[in-house]
Protein chains: 6
Amino acid sequence: MRPSARKNDEMREISFVRNFIKHPEGSVLVSYGDTKVVCNASVMSGVPRFLKGTGQGWITAEYAMLPRSTNDRMMRESQVGKPHGRSQEIQRLIGRALRACVNMKGLSENTITIDCDVLQADGGTRTASITGACVALVEALRWMQTRQMIKELPLKFLIASVSVGVYKGFPVLDLDYQEDSNAETDMNVVMTEKGDFIELQGTAEGHPFKHQDLNGMLELAQKGIQELIFKQKRVLNL
Amino acid sequence: MRPSARKNDEMREISFVRNFIKHPEGSVLVSYGDTKVVCNASVMSGVPRFLKGTGQGWITAEYAMLPRSTNDRMMRESQVGKPHGRSQEIQRLIGRALRACVNMKGLSENTITIDCDVLQADGGTRTASITGACVALVEALRWMQTRQMIKELPLKFLIASVSVGVYKGFPVLDLDYQEDSNAETDMNVVMTEKGDFIELQGTAEGHPFKHQDLNGMLELAQKGIQELIFKQKRVLNL
Amino acid sequence: MRPSARKNDEMREISFVRNFIKHPEGSVLVSYGDTKVVCNASVMSGVPRFLKGTGQGWITAEYAMLPRSTNDRMMRESQVGKPHGRSQEIQRLIGRALRACVNMKGLSENTITIDCDVLQADGGTRTASITGACVALVEALRWMQTRQMIKELPLKFLIASVSVGVYKGFPVLDLDYQEDSNAETDMNVVMTEKGDFIELQGTAEGHPFKHQDLNGMLELAQKGIQELIFKQKRVLNL
Amino acid sequence: MRPSARKNDEMREISFVRNFIKHPEGSVLVSYGDTKVVCNASVMSGVPRFLKGTGQGWITAEYAMLPRSTNDRMMRESQVGKPHGRSQEIQRLIGRALRACVNMKGLSENTITIDCDVLQADGGTRTASITGACVALVEALRWMQTRQMIKELPLKFLIASVSVGVYKGFPVLDLDYQEDSNAETDMNVVMTEKGDFIELQGTAEGHPFKHQDLNGMLELAQKGIQELIFKQKRVLNL
Amino acid sequence: MRPSARKNDEMREISFVRNFIKHPEGSVLVSYGDTKVVCNASVMSGVPRFLKGTGQGWITAEYAMLPRSTNDRMMRESQVGKPHGRSQEIQRLIGRALRACVNMKGLSENTITIDCDVLQADGGTRTASITGACVALVEALRWMQTRQMIKELPLKFLIASVSVGVYKGFPVLDLDYQEDSNAETDMNVVMTEKGDFIELQGTAEGHPFKHQDLNGMLELAQKGIQELIFKQKRVLNL
Amino acid sequence: MRPSARKNDEMREISFVRNFIKHPEGSVLVSYGDTKVVCNASVMSGVPRFLKGTGQGWITAEYAMLPRSTNDRMMRESQVGKPHGRSQEIQRLIGRALRACVNMKGLSENTITIDCDVLQADGGTRTASITGACVALVEALRWMQTRQMIKELPLKFLIASVSVGVYKGFPVLDLDYQEDSNAETDMNVVMTEKGDFIELQGTAEGHPFKHQDLNGMLELAQKGIQELIFKQKRVLNL
């Protein structure tokens, strides 16, 4: 029995609020149950130095948590003087995943930055960030198209992300904080709308896991991601 | 005529959402029109070193803006490596104002940290932060009382804050971003529910201002703060 | 009775030493009693990026205290790794005040940086800094005029600054450290030679203050600033 | 055909030099072909604060590259002022993997830090680091046992790591730099000597990858890790 | 002929102002011609961690230049985020030299910090700092003796410092900025009042120097240091 | 008797391994007994800003120690956030010494950076760094000549470095760690192959030293440096 009384293959309630903040070119509040992340997409002309003159665009992401998004207050990274290692790892993952779903030539020499700021954390903040950021990214691409910065949407496919794990010996889908802190294995999966893998990051927390555990988890991930993509499409009218 | 078509002594629409985030001991989303700030209060036992053994508590504040709370994306302070000078100035102001309305002896050796994070900025983020933080502070004090960390609420009075200015030669109340960037004078006022001053910070942006300008602005500030205190009391059932 | 036995409207002994250091384009040692600040003005051609091509100049300030300018030795900001919040707040104030008294178009695309370094602190370091910096600024403008970098002095008016406060229930002028640490209210005022306000920053330290306290303090401030401007003019042969 | 003319399931030449540096409690130079990493294990009594009084030990890792371990000279992280995001991500991975193979209770309140410093990089520095660090860790545990800091070796199993990928459409084992920069998919695998998973990190660089690609890569990984474990055992006389 | 028209073995005008600043336990303004350095000594009870419980004291130094002490304005180290390499090198030298002249056992577990802040630089700031710091140190030791923190002055000997160099082929004493920037060799010498060496730092700027150059320079240094020690003694009434 | 049983004028075993790492333009592992330093030379086109357009090149050095190159593990400088003062002082010394032996005009506008990374420390890491860096520098210059970036080797002379000291009252050559920590005086000497001085840095650790001590130490230094230069020439086939 899961702490939340969900079935093993049952996700938390998922929602997207579009136009959450007025300034960004794309702005989405994504919720996976009590996990709430603001994903803001900013379009800027120009690219980092290593791409200048190539005709290609760039997509990058930043990730942070409000100090009290968690149960204990965390020190601000600006006080620490640098982003936490964990934040950097997550924002590298988000950026990499988003770059996989866009044709960079089609962006021209423009940069899209997606800021994922966690308002409230209850497990799965990185997976919610990726799923929400993908929606904000599409909004930003449409905004560019409207202003004729790009001719057509350079989107290869939608992506979404969910966590799976082994909890008390059984594979479970979309772990909340309570499960996450007790799971034997924790795996974050990013997949395309076609069911292919973009990222797979599995970690044995307690015991090493076996190939059959992996297969059980991947099956759940595939189911969850199909549901997420379905909801992304609905909110984007795709 | 003000850009927003408001009357000179008319505030923007003010609202407070309590329990905005689930983890903090006090959590308020305050809006002054399109300016939206999350104010989260965290109670921690213990005090900074200079107060140890005195039996007194401490209140402090931190202030930051999401990168895309503004029209142009700002670089994250964690990337810069340190808080901006402006942020530090504002959080020093917020902390000072909140400490003025609490009896520190009555807090025992506990610290309350109020995080003010601006989701969306349209002028007046520091005044909205103070007004919202005061509500979150009262929530946190009540939380402490419920848990018998303190016997009675050590609150001396409520405080609220509003900006006033001279715009096109006339004093105006509660400037939004468009007015703020064109005002000749900009003044932030923090007052108690009794109508006394806690902080007064006036800056001549264009021309120096005269004593009669000051009096005109203070009259508007007093009116605005009365309205704010009225709304704080209603949302706090005081 | 004030600790220094001064009358309520009596300033400390004020002095200016011009050409204190040989390298800067303007160099003034200002003293308000035992408070001693070196104000050095540096002229550099060029302006910050946001002003390039506008034909306008820029004025900025930096403020710091020698580690042992105070009774207890303070850690150097270069050791801490960043300026203290208090230093940044003060240097923002100084810069803003100095920019108000110069016509930026008349500066052409040149930058003047005023470094205010406190050798010895006894209360009122920010007000002494502003008053001394104004003298160093005029020296630097004259230096530019001599070298024909500018045609005429783009000075709108002189400014000076003084602190006022409520001490043991009475308004007092130009607080020294002993008064400052015990005052109920502390207010820093920057005014022009014409008696108009540039900055007004009042803080209730102990009790909130009333409108009549404000008026009492402002009256003293006006008197003090007239004396300071008189002395500035004399040392500048104006 | 692979650039190195290796077969798809063929690893580079693997070697371990024990006692590479004289000061550490464990010191191993590990080579995967031209990739050379020094892994130094340091034993210190005491544990981080969150473990004090629990009777448990701790294992952590740090990872860095010499500036000229790569073809282009990289700026030193001490000049940048903080470790690169990539370095932090890798050292978090190494630490997590090593902690999985030790019984922390059996370490008592001691900390082992493994420094992995890359002398020469040619792809696979993180996998070589993990495999070499595991050997250095065993050396350090034996050193502790000799000094009776611990009664028995608290080692659950050996671990080793290798990269696999999809290169020109085929799965390949142990990618060198030339393959790595052109692979469609890159996956780092950490497994135990029993063939179970500790970490799995797969990234689609070019195209998303399919479940059958995953299976092909995992088969190669398993073969490579068996060979690595065999060599670890021989060099450790296990 | 030297630019200053001094003879080869002629020092600049040397002066010491005692009690320059009121707060420190020792405060000296030292001038070597136009080079002016404030040396402030602070006595604090307690020692760094590595000396706790040893009964020994500690002496350390910090060195910095005001931004406009030089001809071109230098960026503040607090803006850079860390002390310049040059500053650190100089303060390590000053600290080492001062520790050589005090019996650390006789200090008990107290720390003396000497802050050397350069107001105006014209060559030789590090040598002036050492010579002035020695006077401030004696003042601080006397202050401790008066308060019975120490029984007797734990001073082994006075030290002083001067630069020598090879300028246009001839050895010269006490280089000013103009000579320093053109000297072929530059050497800083710290000696005791007995004529023994504490530090010797010689650098060939243009050509390597020979043993006979070294001897020529050391002879001048010895003469200069005798004069400095004579003046130190006079100002200290020794 | 020296702890190592060496004669007073006897150096440790000296060796150079060329081509230690494959990527750099010059790469040398230098050993002075148990002190082992990797010296990697990197050639980059372009020069620092202050040399642009002068037709001159630049040589600079960086120095660091692996965390466990010493008996106690040192915190990484990238964790501290900045290089240690000691590292900066040493790298300034290395850079200065190397610049003395090259004709900068002959380098054209190219920069050579020498990274000296200490793998294992047993006293004398800065002297070994300089001696090894000189060999790596020659390798890099030859590499440039082969690629016709420069016409002829702009090398004025070879340099080498050794430490000397006073140990138990006698002058000794090439101190190892055990001697170094107990020596009364420690002096680092850099000389050219012609026997002239480039740098001389002597520090009295215990007692001040006398002119005759200096002469005794310099005699030993000269002998040691002749041996080092002989070995440099042999390994470089000069």
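**Reading the chain A–chain B interface**

User: Which side chains meet in the salt bridge at 2.8 Å, N to O?

Analyst: That's A:Asp34 and B:Lys22. A salt bridge here is a side-chain nitrogen of Lys or Arg within 4 Å of a carboxyl oxygen of Asp or Glu. Between chain B and chain A the count is 14 salt bridges. A quick caveat: this is a predicted model, where local features need pLDDT of at least 70 and side-chain atom pairs count only at pLDDT 80 or more, while totals for chains, interfaces and linings use all residues. Residues are numbered from 1 along each chain as its sequence is written, chains are lettered from A and ligands numbered from 1 in the order in which they are written, and side-chain values use heavy atoms, with hydrogens and water left out.

User: How do I read the area buried between chain B and chain A?

Analyst: The size of an interface is often given as the accessible area lost when the parts come together. Here buried area is that loss (1.4 Å probe), summed over both parts. For chain B and chain A it is about 3000 Å², and carbon and sulfur atoms give 48% of that.

User: And how many residues are in contact?

Analyst: Counting contact as heavy atoms within 4.5 Å, 36 residues of chain B touch 36 residues of chain A.

Technical notes. Buried area is the accessible area (1.4 Å probe) that two parts lose on being put together, summed over both.
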